[in-house]
Structure formats: structure tokens, C-alpha cells
Amino acid sequence: MKEQLEQLKAQALKKIEESKDLNALNDVRVSILGKKGELTNILKSMKDVAKEDRPKVGAMVNDVREAIEEKLRIRKEAFEAAVLEVKMASEAIDVTLPAKKQAEGHNHPNTVALNELKRIFIGLGYEVVDGPEIEYDYYNFEALNIPANHPAKDEQDTFYITDNILLRTQTSSVQARIMEKGKPPIRVVSPGRVFRADEVDATHSPSFHQVEGLVIDKNITFSDLKGTLAQFARDLFGEDTKVKFRPHHFPFTEPSAEMDVTCFKCHGKGCRFCKNEGWIEILGCGMVHPNVLRMSGIDPEEYTGFAFGVGLERIALLKYEIDDMRLLYENDARFLKQF
Ligand code: DAH
């Protein structure tokens, strides 16, 4: 038995030494210590050993097993270290390689234009306020002096959620909300998204943005409107910009006007950009209609005010000389990168 054990030990240690990788090592382990392994078989035959010899033989078997296990452990660690070594070498990061370029985004032209508008009006003492995009018919039309059968409702058709809730067609809808809430003086601008039943083309979109302005105080006159909007135009398009007011009709202002600015490309001489007119239309405006004031609980005998509405995309398109509004919505990085 002793020789048999010695021989097994010697063979086992040799096999362990010669195994080439972790798999081979495992095979060796199973063949010796496994359920049907050689050493296990010897252990099974212990029952044939004379009772008095058993402790001695048992101790010998244990010694052999320990020696084999120790050798297995050492070999296994060596293999694992080698595997780790290879892995580390192959996964090493070369910190001297040039880094991947980070694609850095920037503001969308609409946002740039909006920030510009905000900067100008905040500088003039205005507060920036928000209004809901899903709006009551009342605020979008009725409170703006546009009753149920008014033809202006036709031009501003929109998506109706119920009979009296709709996607707002104009940021003018915030006017009554602000007037109902706050006591004059009021001096606010309200930017936001609006919706119309318009087909997409170079100058139309079913969803676009406006910035509404509203000023209510004692003794506000048309000259305040002119002075404010002229200042706005100069700040936005350059000091030498001139403005022109053409009479127009909006149901919620009286008198109403559209404001043109001198073309900032040709300075009024006429060019392709202004369609040879020398002027470019940029906004609608007017003195707040007494009906609108009254409906929102403001006494038109005591207070007057003016309002204006600017299309944000229009400003962005003009400022960047973009000739198709669709480009602003297509999210083509090659286009947006330019601004
Ligand atoms: N809401 C108008 C539109 O969408 C623009 C506008 C015109 C707003 C005159 C005003 C205003 O506040 O006074 O066409």
C-alpha cells in the first residue's frame, strides 16, 4: 500500500507539473481526487486494510492528498497569474493615444434668437412669463376680442381637444391670464410654442414659436410702443436700423400695426434678401383694445397699454439669413453646426 501511494504521489506531481493549462490541470485533479479518481479508489479499498493499520494508512493517504492538493494549488495560481498577465497586456490603455473627439453641442438658432430677445426686453425692465400651450378657447380667442363667429378664428384654425380646449394659436393667449392675475403696471414678454392648421413649406409650420409682449400702465401711448419697438429693432439688427409702422387689423388691439425694419443686408436700398423692398416685416403690434382690458378686469379709463407679437423663427431666419424654415426643425447636424 505504501509503495502504491508513493508511486501515485510521484506520478500525480509529475502530471501536475507537466499540465499545460488550467483545463489540463483540472483533468489531472479529477483523475486523481475526483469521485472515480485514483486516490479516491485507494481510499475506498481502506476497508480491506487490517483494522490496526488503518490509522497509519489513513495518515499516509492524507499526506499524499495534501501534497497533491498543495501542488495543484501552486500550479493553478501560476496559470491564473499568467492569464491575468496576458489579459492586462492586451487590455492596457495607451494614454498617449489621441483621445476621441467629443462632439460638443450648442444652442439651436431658435434658442439663440430667444435668448437675444429675452436679453433685450429684460434690459428694458420686462419680466419673462410662461403660458400653457394647451389653452382654453376663452384665452386664445374670446378674451382677445375674437368672439365665436369672428373671421379671425378661421385664419387661426387649430387642433381642438374639446369644444373649449385647444392648442393655442398665438402667445397673445397669455395677455388675459396676466391681466387677470396682476395689477398694472404690467411689463412682460412671454415666449412659447404655438400651433396652426398650416401645411409645411419654406415659411410655414403647424408648430412654431412666438414671443408676446404686453405693457399696461397709466398714460401708455402709441409713442411708447414706437419707442420701445424701435429700440428693440436697433438692438437686434444694428444701430442704424429704421422702423416703419403700417396700419393693420388685429381684433385685440386698436389701433393696430405691423412693424417693418430696414433690411439689414442692403440698409434699405433693396436686395434679393428683402425682395427689393428695402423693408422686412417683423411683428404685429397695437394699443390694447379697451374691450380686452375690460374683460380682464382693468379699467380702460384708468389704464392703457400696448402689445406686440414676434415670430421667433422669423427672427432666427433673418438673423442667420436662412431661407427655409424647415431647416430649423430637421435636426440635421451638418446644418445646425454652422451657427
Ligand atoms: N397674435 C398675433 C398673431 O399671431 C400677433 C400679434 C399682433 C400679437 C398684434 C400682438 C399684437 O400682441 O398686438 O398673428
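## Close-up views of a predicted model

**View 1. Asp260 and Arg246 meet in a salt bridge whose closest N and O atoms are 2.8 Å apart.** Asp260 belongs to strand S8 and Arg246 to strand S7, so this pair ties together parts 14 residues apart in sequence. The term salt bridge stands for a side-chain nitrogen of Lys or Arg within 4 Å of a carboxyl oxygen of Asp or Glu. Helices (H or I, at least four residues) and strands (E, at least two) are DSSP runs, numbered from the N terminus. Please keep in mind that this is a predicted model, in which local features need pLDDT of at least 70 and side-chain atom pairs count only at pLDDT 80 or more, while totals for chains, interfaces and linings use all residues. Residues are numbered from 1 along each chain as its sequence is written, and side-chain values use heavy atoms, with hydrogens and water left out.

**View 2. Arg246 also forms a salt bridge with Glu258, at 3.2 Å from N to O.** Here strand S8 (residues 253–262) supplies Glu258 and strand S7 (residues 243–250) supplies Arg246, so the pair ties together parts that are 12 residues apart in sequence. Arg246, for its part, is partly exposed at 27%. Buried means under 20% relative accessible area, exposed over 50%, and partly exposed in between (1.4 Å probe, protein chains only). Through shared partners, salt bridges join Arg246, Glu258, Asp260 and Glu281 into one network.

**View 3. Glu38 and Lys15 form a salt bridge, with their closest N and O atoms 3.6 Å apart.** This pair links distant parts of the chain, 23 residues apart: Glu38 sits in helix H3 and Lys15 in helix H1 (residues 2–18). Glu38 is partly exposed, with a relative accessible area of 31%, and Lys15 is partly exposed at 35%. Across the whole structure, a search finds 18 salt bridges.

**View 4. Phe121 and Phe308 are both buried.** The structure holds 11 aromatic pairs. In this one, the ring centres of Phe121 and Phe308 are 5.2 Å apart and the planes lie at 25 degrees, so the pair is stacked. Phe121 comes from helix H5 (residues 109–123) and Phe308 from strand S10 (residues 304–311), so the pair ties together parts that are 187 residues apart in sequence. Rings of Phe, Tyr and Trp (its six-membered ring) pair if their centres lie within 6.5 Å; planes under 30 degrees apart count as stacked, over 60 as edge-to-face and the rest as tilted. Ring pairs also link Phe121, Tyr126, Phe232, Phe306 and Phe308 into a cluster.

**View 5. Lys35, Lys36, Lys44 and Lys47 gather in a patch of positive charge on the surface.** Lys44 is part of helix H3 (residues 38–44) and counts as partly exposed at 48% relative accessibility. Patches are made of residues with over 30% relative accessible area and no salt bridge; like charges are joined within 9 Å, and nonpolar side chains (Val, Leu, Ile, Met, Phe, Trp, Tyr) within 5 Å. Lys and Arg count as positive and Asp and Glu as negative, with His and the chain ends not counted. The place of a charge is taken as NZ of Lys, CZ of Arg, CG of Asp or CD of Glu.

**View 6. Ile134, Phe159 and Ile161 make a nonpolar surface patch of about 310 Å².** Ile161 lies in strand S3 (residues 160–162), where it is partly exposed at 43% relative accessibility. Accessible areas come from the Shrake-Rupley method with a 1.4 Å probe; for residues, only the protein chains shown count as cover.

**View 7. Two cis peptide bonds can be found here, Pro184 to Pro185 and Glu254 to Pro255.** Omega is near 5 degrees for the bond from Pro184 to Pro185, and about -5 degrees for the one joining Glu254 and Pro255. Pro185 lies in the loop between helix H8 (173–181) and strand S5 (186–195), whereas Pro255 is in strand S8.

**View 8. Asn219 has a positive phi, near 60 degrees, although it is not a glycine.** Asn219 is in the loop between strand S6 (207–217) and helix H9 (222–237), and is exposed, with a relative accessible area of 67%.
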